[in-house]
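I opened this model to see how the chain is put together. These are my notes, in the order I looked things up.

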Amino acid sequence: MAVLELLKSPAWTSIKSINRSNDGLTVLPSMESMKFFGRGFAGLTCLFLGICLMGCETTDSSYKYDPLSQNNQAAQAGTPAMSGAAPSASGDLLHVGDAITITFADLPTSVPPIDDSIKEDGSITLILNQKFQAAGKTIGALQADIRDRYVPQYFKYLTVSIKTADRFFSVGGEVRNPSRQAYTGYMTVTRGIDTAGGFTDFANKGRVEVTHANGEKYTVNCGRALNGHPELDKEVYPGDRIYVHKRWW
């Protein structure tokens, strides 16, 4: 619009005034016309620069997520940053029937280590008749619970250490190597059978019986679990017994 107004103005028309001389046709703009043209040119320049500056404010679409930057910002804001540590697998947890040894140190008088097994209700009972829920917790979490119960209510200082006895599960029936297997971490029924050499040719893969340490039983269809249904492959715990039945056809 500014350009059109400039072209239609009388000053622009006066620029076209002509003086004839012996050398031919010469265009001689007046001083007033030159000033007006200069102001118009300056205005157009400002308008162009304004458009460029507006363009510079456009959001940068090349942004890439930087997890280190996000963690630093979270820490500065007082928000805990997400860590890459995975939650404890169930194989690291204590279970009903686990045999454990609890040692107390830094006490005024010596207390002998306590050997106990986690009871059916998931609990253990320690000195001063204090009862603790142990099943479903990691060793570290249980140690912290025990210390917090005794300090400072009963003792000024206390260090608690817990060790588990070697843990096992057994695999029998139609497997190539029926035996007791060491429980070293997360385990499922089909993995447990693999540790015993796998199924025999006469195994009924659809009828695998699992008995927990508390006597509870259930049946697993390992044939389906191995063929697109991993959700059927149930977890095995210390003290469990896996038994593969024989097929008759």
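**Ground rules.** I am working with a predicted model, where local features need pLDDT of at least 70, side-chain atom pairs count only at pLDDT 80 or more, and totals for chains, interfaces and linings use all residues. Residues are numbered from 1 along each chain as its sequence is written, and side-chain values use heavy atoms, with hydrogens and water left out.

**Confidence.** I checked pLDDT, the predictor's confidence in each residue, from 0 to 100. The chain averages 76, and 63% of the residues score at least 70. Residues 15-28 fall below 50; beyond near neighbours in sequence, that stretch has 14 contacts in the model. I take contact as heavy atoms within 4.5 Å. Residues 51-89 are also below 50, with seven contacts beyond near neighbours in sequence. Where pLDDT is low, the predicted coordinates should not be read in detail.

**Overall layout.** I found seven helices and 14 strands in the chain. They are DSSP runs numbered from the N terminus: helices are H or I with at least four residues, strands are E with at least two. Of the 249 residues, 29% count as buried. Buried means under 20% relative accessible area, exposed over 50%, and partly exposed in between, using a 1.4 Å probe and protein chains only. The accessible surface comes to about 16800 Å², and 56% of that belongs to carbon and sulfur atoms. These areas come from the Shrake-Rupley method with a 1.4 Å probe; for residues, only the protein chains shown count as cover. Among contacts between residues at least 6 apart in sequence, 50% join residues at least 24 apart.

**Three-strand sheet.** I traced an open sheet with the order β4-β3-β7 and antiparallel pairing. Two strands pair if DSSP finds at least two bridges between them. β4 (114-117) and β7 are the edge strands, each pairing on one side only. The twist averages 25 degrees from one strand to the next. Axes are lines fitted to C-alpha atoms, for helices over the stretch in contact; angles run from 0 to 180 degrees between N-to-C directions. β3 and β7 are joined over six bridges in the antiparallel sense. T103 stands opposite S161 in β7. I then looked at α5, which lies across β3 and β7 and runs at about 145 degrees to β7.

**Nonpolar cores.** What does the largest nonpolar core contain? I count a core as a set of buried Ala, Val, Leu, Ile, Met, Phe, Trp, Tyr and Cys residues joined through side-chain atoms within 4.5 Å. The largest has 21 residues, and those with the most contacts inside it are I102, F104, I124, L126, L142, I146 and Y150. β3 (99-105), β5 (123-126), α5 (139-150) and β7 (159-164) each supply at least two of its residues. Another core, of 17 residues, lies apart from it; Y183, M187, A203 and V208 are among its members. Back at I102, I listed its contacts, leaving out residues up to four places away in sequence: P113, I114, I124, L126, V160, S161 and I162.

**Five-strand sheet.** This open sheet has the order β9-β8-β14-β11-β12, with mixed pairing. β9 (179-182) and β12 (217-220) are at the edges with a single partner strand each, so one side of each has no neighbour in the sheet. The twist averages 25 degrees from one strand to the next. β11 (residues 203-211) runs antiparallel to β12, and four bridges join them. E209 has T219 in β12 as its bridge partner.

**N177.** I found N177 in the loop between β8 (168-173) and β9. N177 counts as partly exposed because its relative accessibility is 43%. Its C-alpha atom is 9.3 Å from that of T200, 23 residues apart along the chain.

Most residues other than glycine have a negative phi, and most peptide bonds are trans. The peptide bond from V151 to P152 is cis, with omega near 5 degrees. P152 sits in the loop between α5 and β7. L128 has a positive phi of about 60 degrees, though it is not a glycine. L128 lies in the loop between β5 and β6 (130-133). With 47% relative accessibility, L128 counts as partly exposed. N129 is in the loop between β5 and β6, with phi near 55 degrees. N129 counts as exposed, at 65% relative accessibility.
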